[in-house]
Amino acid sequence: MRSQPLPSEASRRRAEEQFKTTKKVNSETKLRPTPHGKPRPRRRRIELRLGTHAVAIHANAREVELADGSRHHYGALLLATGAEPVRLTLPGSDLPQIHYLRTLADSRALIAKAAESPRAVVIGASFIGLEVAASLRARGLEVHVVAPEARPMEVVLGPEVGDLVRRVHEEHGVFFHLGTTPAAFDRNGVALQSGERLEADFVVVGIPGSPSRPG
Ligand SMILES: Cc1cc2nc3c(=O)[nH]c(=O)nc-3n(C[C@H](O)[C@H](O)[C@H](O)COP(=O)(O)OP(=O)(O)OC[C@H]3O[C@@H](n4cnc5c(N)ncnc54)[C@H](O)[C@@H]3O)c2cc1C
């Protein structure tokens with residue numbers, strides 16, 4: 001067995017500090033029983049502000065401004081405002097048959113569209129794109145997936161799993177058009193950078209999102 005190098009005095013002290021902090025946090029968050037015997041968290045000093053949103057961060061003053069104009073001081077600020085889908089800006093991207101999936105309303109619009117349309121193109125071959133492709137196939141639509149990678153999910157899961165994922169989707173009737181991206185959309189389909197054209201009643205874009213920003 002290879003011997004591990006001895007940690008320096010400084011890194012040992014850092015690790016001890018970290019351990020003390022973790023121990024303190026754990027003891028503060030210990031659960032205590034409710035009258036019915038179920039554990040419940042101790043009251044925390046958390047102030048919940050619902051029905052409003054942050055509109056600005058004043059970094060110099062270390063303050064967050066809310067929509068009602070109130071300002072709240074912070075020692076450390078965590079931004080966890082989620083992500084928005086990136087909107088394509090290709091010719092025809094603003095046509096009504098170009099869909100995104102982020103909200104429940106988006107999902108309902110897609111389900112309604114799928115009920116009346118036999119052919120769909122999905123842009124993106126990762127989690128959202130393939131989940132949409134599978135759902136549309138389950139509803140009996142013809143589904144074509146377009147993505148620049150050589151294999152679906154390759155970036156996140158690697159080539160072997162990517163090949164497996166592709167096989168499973170193909171066995172369920174999904175068509176893949178990989179190594180290319182859309183060039184333009186029109187009312188009847190999508191022109192690809194590869195020169196190929198796909199006829200479609202609607203398109204679902206499942207490409208990476210960008211962080212939502214306060215404001
Ligand atoms: C269609 C779809 C399917 C998914 N399926 C899965 C799945 O199966 N498994 C999985 O693990 N993940 C899935 N995800 C991803 C998952 O939803 C996200 O990773 C997760 O929601 C991210 O959590 P979050 O807290 O960072 O952001 P969000 O859940 O987006 O929450 C952001 C919060 O910030 C608030 N906020 C935004 N702006 C402001 C502001 N200015 N001021 C104050 N508050 C603000 C919002 O109101 C919200 O409360 C899916 C996502 C989508 C779109």
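Me: Which residues does Leu66 touch, not counting residues up to four places away in sequence?
Reply: In this predicted model, Leu66 is placed in strand β4. Leu66 is partly exposed, because 15 other C-beta atoms lie within 10 Å. Beyond four places in sequence, the residues touched by Leu66 are Arg49, Thr52, Ala54 and Val55.

Me: What separation do the C-alpha atoms of Leu66 and Arg49 have?
Reply: Arg49 is one of the residues that Leu66 touches. Along the chain the two are 17 residues apart, and their C-alpha atoms are separated by 9.5 Å.

Me: Which residue of β4 is the bridge partner of Ile57?
Reply: Strand β3 covers residues 54–58 and strand β4 covers residues 63–66. The two run antiparallel and are joined by 4 bridges. Within this pairing, the β4 partner of Ile57 is Val64.

Me: Which residue in the hairpin of β3 and β4 takes a positive phi?
Reply: The hairpin has 4 residues between its strands. Most residues other than glycine have a negative phi. The residue with a positive phi of about 55 degrees is not a glycine; in the loop between β3 and β4, it is Arg62.

Me: Is Arg62 buried, partly exposed or exposed, and why?
Reply: A residue needs 20 or more other C-beta atoms within 10 Å to be buried, and 12 or fewer to be exposed. Arg62 has 13 C-beta neighbours inside 10 Å, so it counts as partly exposed.

Me: In β5, which residue is the bridge partner of Glu63?
Reply: β4 also pairs with strand β5, residues 71–73, in the antiparallel sense over 3 bridges. These two strands form a hairpin with 4 residues between them, where Gly69 in the turn has a positive phi of about 90 degrees. The β5 partner of Glu63 is His73.

Me: What is the bridge partner of Ile123 in β14?
Reply: Strand β8 spans residues 119–123, and strand β14 spans residues 202–205. They pair in the parallel sense over 4 bridges. The partner of Ile123 is Val205.

Me: Why do the buried residues of α5 line one face of the helix?
Reply: Helix α5 covers residues 159–171 and has 13 residues; from first C-alpha to last it reaches 18 Å, close to the 18 Å expected. Its buried residues are Gly162, Arg166 and His169. They line one face because, seen down the axis of α5, they fall within an arc of 70 degrees.

Me: Which elements do the buried residues of α5 pack against?
Reply: The face of α5 turned away from its buried side carries the exposed residues Glu160, Arg167 and Glu171. On the buried side, the packing partners are α3 (127–138), α4 (154–157) and β10.

Me: Which residue just after α5 takes a positive phi?
Reply: α5 ends at residue 171. The residue just after the helix has a phi of about 95 degrees, and is Gly173.

Me: Is Met153 buried or exposed?
Reply: Met153 is placed in the loop between β9 (142–147) and α4. Its phi is near 60 degrees, a positive value in a residue other than glycine. With 22 other C-beta atoms within 10 Å, Met153 is therefore buried.

Me: What average pLDDT does the protein have?
Reply: Over residues 1–7 the pLDDT is below 50, and this stretch has 1 contact beyond near neighbours in sequence. Residues 25–29 also stay under 50, with 1 contact beyond four places in sequence. For the protein, 79% of the residues score at least 70, and the average pLDDT is 86.

Notes: Residues are numbered from 1 along each chain as its sequence is written. This is a predicted model: local features need pLDDT of at least 70, side-chain atom pairs count only at pLDDT 80 or more; totals for chains, interfaces and linings use all residues. Two strands pair if DSSP finds at least two bridges between them. The expected span of a helix is 1.5 Å times one less than its number of residues. The arc is that of the directions from the helix axis to the C-beta atoms. Two residues are in contact if their C-beta atoms, placed from the backbone, lie within 7 Å. pLDDT is the predictor's confidence in each residue, from 0 to 100.
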